[in-house]
Amino acid sequence: MIKTDELRGIIAKNGLSQTDVARMIGITPKTFYEKMKNGVFGSDEIQIMIDELHMDDPMSIFFAHE
């Protein structure tokens, strides 16, 4: 399960909006919001976010154990 609150924080820290990140990973903003709601992203999408958002500890966000 993805820690969506932490992901939102990283997006904001990078000065981006969720719409910016949606475009970055090649999906529509609506699809991005739906994926955030469900907490599910594809591995390619996750890799792009890790690279573009300069994440230090992506495992704790994308592979969180609840």
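His54 counts as exposed, at 58% relative accessibility; here exposed means over 50% relative accessible area, buried under 20% and partly exposed in between, with a 1.4 Å probe and protein chains only. The model is predicted: local features need pLDDT of at least 70 and side-chain atom pairs count only at pLDDT 80 or more, while totals for chains, interfaces and linings use all residues. Residues are numbered from 1 along each chain as its sequence is written, and side-chain values use heavy atoms, with hydrogens and water left out.

- His54 is located in the loop between α4 (43-52) and α5.
- Although His54 is not a glycine, its phi is positive, at about 50°.

**The chain as a whole**

- The protein chain contains five helices and zero strands, where helices (H or I, at least four residues) and strands (E, at least two) are DSSP runs numbered from the N terminus.
- The pattern along the sequence reads α-α-α-α-α.
- The radius of gyration of the protein chain is 11 Å, which agrees with the value near 11 Å for a compact globule with 66 residues; this radius is taken over C-alpha atoms, and the globule rule is 2.2 Å times the number of residues to the power 0.38.
- The C-alpha trace spans about 30 × 20 × 20 Å along its principal axes.
- Of the 66 residues in the protein chain, 38% are buried.
- Among contacts (heavy atoms within 4.5 Å) with a separation of 6 or more, 54% join residues 24 or more positions apart.
- The accessible surface of the protein chain is about 4200 Å², and carbon and sulfur atoms hold 52% of that area; the areas come from the Shrake-Rupley method with a 1.4 Å probe.

**Aromatic rings**

- A search of the whole structure finds two aromatic pairs; rings of Phe, Tyr and Trp (its six-membered ring) pair if their centres lie within 6.5 Å, with planes under 30 degrees apart counted as stacked, over 60 as edge-to-face and the rest as tilted.
- Phe32 and Tyr33 form an edge-to-face pair, because their planes stand at 75°, with ring centres 6.4 Å apart.
- Phe32 and Phe41 form a tilted pair, because their planes stand at 50°, with ring centres 5.4 Å apart.
- Phe32, Tyr33 and Phe41 together make up one aromatic cluster.
- Phe32 is buried, at a relative accessible area of 0%, and Phe41 is also buried, at 8%, whereas Tyr33 is partly exposed, at 40%.

**Gln18 in helix α2**

- Gln18 belongs to helix α2, which covers residues 18-25.
- With a relative accessible area of 18%, Gln18 is buried.
- When residues up to four places away in sequence are not counted, Gln18 touches Arg8, Ile11, Phe32, Tyr33 and Met36; Phe32 and Tyr33 are also members of the aromatic cluster.

**Ile61 in helix α5**

- Ile61 belongs to helix α5, which covers residues 58-62.
- Ile61 is buried, and its relative accessible area is 4%.
- Ile61 and Asp5 are 56 residues apart in sequence, while their C-alpha atoms are 9.2 Å apart in space.
- Apart from neighbours within four places in sequence, Ile61 is in contact with Met1, Ile2, Lys3, Glu6, Leu7 and Ile10.
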